Amino acid sequence: MNEELLFRIIIGGIGITFFSIFFGLLFKGIDRKIAAHMQKRIGPPIRQPFRDIRKLMVKENIVPENSIPWLFNLAPIICLASSATLLFYIPLGGYEPLLEGHGDLILILYLLILPALALVMGGFASGSPYATVGAQREMVTMMSYEFPLAVVIISLVWKLSEFTGDAFSLAFISAHPIWGQVGLLGLIGAIILLFTLVIVIPAELSKIPFDVSEAETEIAGGLLAEYSGRNLALFYLADGVKTFALASLLVALFFPYNLSEYFDLGTYAAAGTDFLFFLLKVFLVILFSVTIIRISVARLRISQVVSTYWIALTLIALLGLVLLMWDSQVLTIQWW
């Protein structure tokens, strides 16, 4: 790796990190405002998440007496860093990902696990019984939603592997939208897979109704019960960044279209149009997969979370995979 490329990756990584932090907090503020209006409340101002971060950063960072200090302080850093790293492999606003290569979609699946593992580590390291229960619940939840998520990814890769190229590359998937590669059965299957991913996102983010690992009324905040000050701010930032990353991932997998393709625009106008259209798509994903779901559904019990993902959602995802397989057979017969 030459120095110029290394410099580009470092500067690009820093830029993407601050970009994701800003828009992660912005969309978090919009989410809270919309949720408040849906509940007939005024709600906090959209800039409230930025205020929360500023306030937490100047608060005292308390480390519990019974904790493992180095692990307790390291967990929020790992959580934020791994959440931001996700965006290095995802196309953003019509631009190629900062890092890409063979099998980067598999790497993304592994990176998605790291923020949850960091939360679990922080919970166990805090020495709090509430955080320990929250960590155990987070582990069970993580094992539950990983299978349907893997089925969605494998289904898309299997379908696109029929074409020449690296089907495990997110850039390749974005360049070949699934909607243009399927017939009627495949279209239904793709819609089912999209629905599955929309339901997986709130569990990935520990949002209602899948926030059993935090559950303020049951375990007093669970994983984050002992966190304060700078450490809590880092977890707060990581939540916003991961929300933005997951929404961007869904956009890249299912809606990678650019608006400038349909208009005769100059270079800069096209880039600006595609960027704004990308932000609109991310906002709509967050609206439907986070805001509306957490307002419409009450918190589930941990047993209900497990059954939802291991049974109901997994079967739904497998149905989408089967429909994609049948669609390929039908198209093959028609071609012959």
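Predicted model: local features only at pLDDT ≥ 70, side-chain atom pairs only at ≥ 80, totals over all residues.
Local features need pLDDT of at least 70 and side-chain atom pairs count only at pLDDT 80 or more, while totals for chains, interfaces and linings use all residues. Residues are numbered from 1 along each chain as its sequence is written, and side-chain values use heavy atoms, with hydrogens and water left out.

**Exercise 1.** Work out which helix gives the most to the lining of the largest pocket.

*Solution.* Start with the term: on a 1 Å grid over the protein atoms alone, a pocket is an open set of points with protein on both sides within 12 Å along at least five of seven lines, a cavity is a set where a 1.4 Å probe fits but cannot get out, and lining residues have an atom within 4 Å of a point.

Next, the size: the largest pocket holds about 960 Å³ of space, where a volume is the space filled by probe spheres set on the points, joined across faces, edges and corners.

Then look at the lining, which has 43 residues, with Lys 28, Lys 207, Glu 214, Tyr 236 and Asp 239 nearest the centre. Elements giving two or more residues include helix 1 (3–38) and helix 10 (267–296). Helices here are DSSP runs (H or I, at least four residues), numbered from the N terminus.

**Exercise 2.** Find how helix 7 and helix 9 run relative to each other.

*Solution.* First, take the axes, which are lines fitted to C-alpha atoms over the stretch in contact, with angles from 0 to 180 degrees between N-to-C directions. The axes of helix 7 (residues 184–204) and helix 9 come within 11 Å and cross at roughly 175°. That makes the pair roughly antiparallel, a label for angles over 145 degrees.

Now see who touches whom, with contact meaning heavy atoms within 4.5 Å. On the helix 7 side, Leu 197, Ile 201 and Glu 204 are among the residues involved, and helix 9 brings Lys 242, Leu 246, Leu 250, Leu 253 and Phe 254. The contact residues divide into 10 nonpolar, no polar and 2 charged.

**Exercise 3.** Name the residues that line the largest cavity.

*Solution.* Begin with the count: the structure holds 1 cavity of 30 Å³ or more. The volume of the largest cavity is about 40 Å³. Around it sit Leu 149, Leu 197, Val 200, Ile 201, Glu 204, Leu 246, Leu 249 and Leu 250. Helix 7 supplies the largest share of this lining, 4 residues.

Conventions: Parallel < 35°, antiparallel > 145°, perpendicular 65-115°, else oblique. Nonpolar A, V, L, I, M, F, W, Y, C, P; charged D, E, K, R; others polar.
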